[in-house]
Number of protein chains: 2
Amino acid sequence: MGLDTDLEKIPPHLLEKDDPVFEFNRYVVEATAEFAVAFKPNLAFYESLGPDGWRSLRKTVKFIRRNYPGIFLIADAKRGDIGNTSEKYARTFFDYKAAGLDFDAVTLSPYMGQDSVVPFLAFPGKWLVVLALTSNPGANDFQNARLETGEYVFEKVIKTCASWTTTDRLMFVVGATRANSLVKIRQWVPDHFLLVPGVGAQGGSLAEVAEYGMNRECGLLVNSSRAIIYADHSPDFAAFVRVKAIEIQQEMEKLLTKKGIL
Amino acid sequence: MGLDTDLEKIPPHLLEKDDPVFEFNRYVVEATAEFAVAFKPNLAFYESLGPDGWRSLRKTVKFIRRNYPGIFLIADAKRGDIGNTSEKYARTFFDYKAAGLDFDAVTLSPYMGQDSVVPFLAFPGKWLVVLALTSNPGANDFQNARLETGEYVFEKVIKTCASWTTTDRLMFVVGATRANSLVKIRQWVPDHFLLVPGVGAQGGSLAEVAEYGMNRECGLLVNSSRAIIYADHSPDFAAFVRVKAIEIQQEMEKLLTKKGIL
């Protein structure tokens with residue numbers, strides 16, 4: 001469940017509240033936690049509100065931790081910088097004492113290479129989610145370019161990053177709109193979890209993602225944001241959000257049953 | 001001047017202040033603004049303090065805007081995401097009404113391609129600073145890989161991004177430790193500004209950067225952070241910071257004179 005909470009898109013009656021972003025998130029989380037394995041706040045939406053946005057994010061994380069202890073929390077931040085800076089970003093998202101946040105995972109851009117990624121491994125048990133082949137059209141500009149070795153750039157990213165740590169610390173982002181690449185990706189990293197955004201508003205098909213991307217234990221974290229959280233704008237929006245979440249959860253359940261995982 | 005302000009590295013007497021990060025920045029800016037063309041806060045250092053860090057950043061930006069109106073302000077954030085998300089990041093750093101910040105430029109990671117970069121162009125007069133060949137060892141993992149066309153990945157990034165906008169909206173990051181690549185880069189983008197970090201703590205040579213990277217109008221924004229701002233830790237630290245800034249400014253002045261630009 002992506003929490004891309006946008007003041008311009010949430011039900012207007014919430015704008016009267018003290019902290020509309022947190023209020024919206026609270027309703028969405030309460031309505032859907034039962035059908036979700038993870039929540040993924042998108043940092044841009046919080047940052048664009050300045051310190052208040054960071055406060056809403058912190059309240060959201062605390063609310064989920066207190067009420068839904070089994071839920072996995074991903075900071076969708078796409079960070080990555082030289083070593084001493086990545087270390088600070090790692091603390092931001094993983095070290096509660098730093099910024100009051102204790103995410104389980106953070107999304108990272110691999111462009112700056114090994115020393116921009118490994119500082120995030122300093123926090124035991126936390127996950128790194130590295131961009132590989134993203135759902136947007138721009139993925140074709142650089143990720144899909146072919147190297148002289150015959151590999152794609154995103155292929156080199158996957159294979160190289162996989163050599164830096166174990167499968168219980170690292171996932172890759174593969175867009176739901178890239179189902180045809182999932183077959184190859186599963187040959188390179190059969191056991192890694194894949195975080196798959198782009199189902200819903202971006203047009204990716206859950207059935208295709210499952211067909212080509214699932215491994216024996218599922219190995220997929222499929223994300224949907226806008227298609228669920230903005231399902232309705234009335235004061236009863238949470239009921240509609242819940243229905244949308246159930247729809248996707250049931251579709252996933254069918255696919256897991258078909259694959260013999262459930 | 002990089003403002004990588006770290007509570008663990010600033011002079012300890014400042015820790016007693018209400019907002020030590022802002023106090024440190026204020027002293028550094030007052031001591032060096034006369035010798036600098038730009039200030040570049042590194043977002044990781046502010047984020048890692050949560051909402052308080054964002055407040056210190058906002059105070060710093062406001063302080064510089066009010067007292068040093070000619071100074072150029074760069075948010076070193078290395079952002080980049082799908083279109084609707086990059087639009088939010090652009091607002092964060094460029095639109096004062098959003099997060100209380102009005103930077104002139106923001107650093108961007110190109111990994112996600114065109115639709116992750118162009119939303120930042122929606123703000124007239126603002127600059128995009130795209131990572132090309134960075135100063136850290138990890139630059140060799142992906143940026144320096146060769147494509148089947150014979151181009152390097154960072155070469156394709158430079159040439160492709162240069163086709164999206166004009167030279168008065170776009171710079172590239174090229175690390176000071178990559179002086180030998182500057183000759184080639186200047187053939188591809190003779191007129192673009194280059195933001196060059198890595199002089200000082202990371203070991204890059206200003207003389208080599210100037211030799212290979214300057215164009216007829218200079219075309220370089222050379223950044224130093226740690227080597228200047230942590231020059232001293234006594235209550236008189238600002239005087240030492242000023243001396244360090246003057247040293248680098250004078251070295252730059254000599255190089256500009258040698259090249260016939262001053």
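Q: What stands opposite Phe39(B) in β3(B)?
A: Leu73(B) stands opposite Phe39(B). The model is a predicted one, in which local features need pLDDT of at least 70, side-chain atom pairs count only at pLDDT 80 or more, and totals for chains, interfaces and linings use all residues. Residues are numbered from 1 along each chain as its sequence is written, chains are lettered from A and ligands numbered from 1 in the order in which they are written, and side-chain values use heavy atoms, with hydrogens and water left out.

Q: Why are strand β2 (residues 38-41) of chain B and β3(B) called paired?
A: Two strands pair if DSSP finds at least two bridges between them; strands are DSSP runs of E with at least two residues, helices are runs of H or I with at least four, and both are numbered from the N terminus. The count here is 2 bridges, and the two strands run parallel, so the pair meets the criterion.

Q: What makes β1 (2-3) and β8 (220-222) of chain B edge strands?
A: The open sheet of chain B has 8 strands in the order β1-β2-β3-β4-β5-β6-β7-β8, with parallel pairing. β1 and β8 of chain B each have a single partner strand, so one side of each is left without a neighbour in the sheet.

Q: Which helix lies across β1, β2 and β3 of chain B, and at what angle to β3(B) does it run?
A: The helix is α3(B), which runs at about 155° to β3(B). Axes are lines fitted to C-alpha atoms, for helices over the stretch in contact (heavy atoms within 4.5 Å), and angles run from 0 to 180 degrees between N-to-C directions. Helix α8 (residues 179-188) of chain B also packs on the sheet, touching β5, β6 (170-174), β7 (193-196) and β8 of chain B; its direction makes about 160° with that of β7(B).

Q: Why is the pair Arg79(A) and Glu47(B) called a salt bridge?
A: The term requires a side-chain nitrogen of Lys or Arg within 4 Å of a carboxyl oxygen of Asp or Glu. For Arg79(A) and Glu47(B) the N to O value is 3.0 Å, so the pair qualifies. Arg79(A) lies in strand β3 (residues 72-79) of chain A and Glu47(B) in helix α2 of chain B, so the pair joins two chains. Glu8(B) likewise forms a salt bridge with Arg91(A), the closest N and O atoms being 2.8 Å apart. The count between chain B and chain A is 8 salt bridges, and over all chains it is 40.

Q: How many residues of each chain does the contact take?
A: It takes 61 residues from chain B and 61 residues from chain A. The buried area (accessible area, 1.4 Å probe, that two parts lose on being put together, summed over both) is about 5100 Å², 57% of it on carbon and sulfur atoms. Lys88(B), Tyr111(B) and Phe142(B) supply 18% of the area that chain B buries against chain A, more than any other three residues.
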